[in-house]
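Here are a few exercises to work through with the model open in your viewer. Try each one yourself before you read the solution.

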There are 2 protein chains.
Amino acid sequence: MTTMDAVRDRILSHSLGLVSARGLSALSIGDLARDLHLSRSGLMAHFSDKDALQLGVVEKAATLFVYEVVEAGSSAPAGEKRLRTLFARWLTWSRNPRLKGGCPFVHASAESDSLPVDVRAKLNAFLDGWSETLQNSIEDAKIAGELAPDTDASQVVFELYGLYLSHHFWHWSMKDRLAQERTQRAFERLLAASRG
Amino acid sequence: MTTMDAVRDRILSHSLGLVSARGLSALSIGDLARDLHLSRSGLMAHFSDKDALQLGVVEKAATLFVYEVVEAGSSAPAGEKRLRTLFARWLTWSRNPRLKGGCPFVHASAESDSLPVDVRAKLNAFLDGWSETLQNSIEDAKIAGELAPDTDASQVVFELYGLYLSHHFWHWSMKDRLAQERTQRAFERLLAASRG
């Protein structure tokens, strides 16, 4: 890693922590320069404006997510086992203490209407990809006979997002210690309802 | 309503629209004064600082919510009917076009860790009250024999928040036209699983 790359990475890592607590809109080049003891122009050598910085953070979060969630899931056998691994890793991702206030994608989606078009496009492409990964694992579980053949995979994906968002809300906003346990119980009920 | 009250109300209504799109942290006395053609000092005669303004917005949102959701629900017969009415009104609330980017409580909860202590306390008191209203209607449905006596009401409340947040995410962030239909289907499945 060159020095240039190392600085870029330090900016993005710090930004990701901020976005996890306050969203993409609250990112400010001035604040970042101060936090990281960089000059404003030094920071702008890496990110010419806020838009470029927001894009960089979404890319960084997506790369980490693929590494920590998607790839870990792909190493599990296709079907229900993979679905379970993906869901478990997804929850673990959102509880990562490095993400100071939860999942950056939850915060970014909540403000998506006020984001620049290209940032929103990148965010939505990521979310579409993640939905497809979940959907594929449900289809695999149907083929393997682990879920009923008439299971509506899009509906299950919709409800999995609900469980994830509910966990996020109760864990981060309400500090509910039972959040994970309740989420797991709801997940088992969702799978049970989708069996033959 | 005095002129003072009318101005105060205009400030809060405009603020509520902004909070519904960008959260409480993004509120700024300077921006508001500009939007509403008020002097900064004129605005500060109503709200001495950002903290007071945020408190005012949370109170205003809670008052509207009680009127549009809770009271409408209370006019339905206790039990499953009331639960259905409360849930339907809750969804309608989040789709209100006056709330430009969805439910202000969803945005406020996502940023709750970075809110002032008193604002967070007011927000949490409101959410606790709403959870209790839902929980009571579930308990009533158990007493009426509409739901199984061993139904874990807190778990159902947890999952109802999940459906609400999922609907909010798919409707507002992903512009999914099926959001309401899918939410309704998941709601029916949740009730069905809670019957005897």
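**Exercise 1.** Work out how the span of helix 9 of chain A relates to the expected one, and where its buried residues lie around the axis.

*Solution.* Start with the length: helix 9 of chain A runs over residues 179-193, 15 residues in all. Helices here are DSSP runs of H or I with at least four residues, strands are runs of E with at least two, and both are numbered from the N terminus. From first C-alpha to last, helix 9 of chain A reaches 21 Å, close to the 21 Å expected at 1.5 Å a residue (the expected span is 1.5 Å times one less than the number of residues).

Before going on, a word on ground rules. This is a predicted model, in which local features need pLDDT of at least 70 and side-chain atom pairs count only at pLDDT 80 or more, while totals for chains, interfaces and linings use all residues. Residues are numbered from 1 along each chain as its sequence is written, and chains are lettered from A and ligands numbered from 1 in the order in which they are written.

Next, pick out the buried residues of helix 9 of chain A: A:Ala179, A:Arg182, A:Thr183, A:Ala186, A:Phe187 and A:Leu190. Buried means 20 or more other C-beta atoms within 10 Å of the residue's own, exposed means 12 or fewer, and partly exposed is in between, with C-beta atoms placed from the backbone. Looking down the axis of helix 9 of chain A, the buried residues fall within an arc of 140°, so they line one face (the arc is that of the directions from the helix axis to the C-beta atoms).

**Exercise 2.** Find what covers the buried residues of helix 9 of chain A.

*Solution.* The cover includes helix 5 (80-94) and helix 8 (153-173) of chain A, together with helix 8 (153-173) of chain B. For a look from the other chain, take B:Ala186, which sits in helix 9 of chain B. B:Ala186 counts as buried because it has 23 C-beta neighbours inside 10 Å. Leaving out residues up to four places away in sequence, B:Ala186 touches A:Glu159, A:Gly162 and B:Leu163 (contact means C-beta atoms, placed from the backbone, within 7 Å).

**Exercise 3.** Describe the side of chain A that touches chain B: which helix gives the largest share, and how do the residues divide by type?

*Solution.* Begin with the count: 32 residues of chain A are in contact with 32 residues of chain B. Helix 1 (3-22), helix 6 (104-110), helix 8 and helix 9 of chain A each supply at least two residues of that side. The largest share, 11 residues, comes from helix 8 of chain A. By type, there are 14 nonpolar, 11 polar and 7 charged residues. Here Ala, Val, Leu, Ile, Met, Phe, Trp, Tyr, Cys and Pro count as nonpolar, Asp, Glu, Lys and Arg as charged, and the others, Gly among them, as polar.

Terms used
Two residues are in contact if their C-beta atoms, placed from the backbone, lie within 7 Å.
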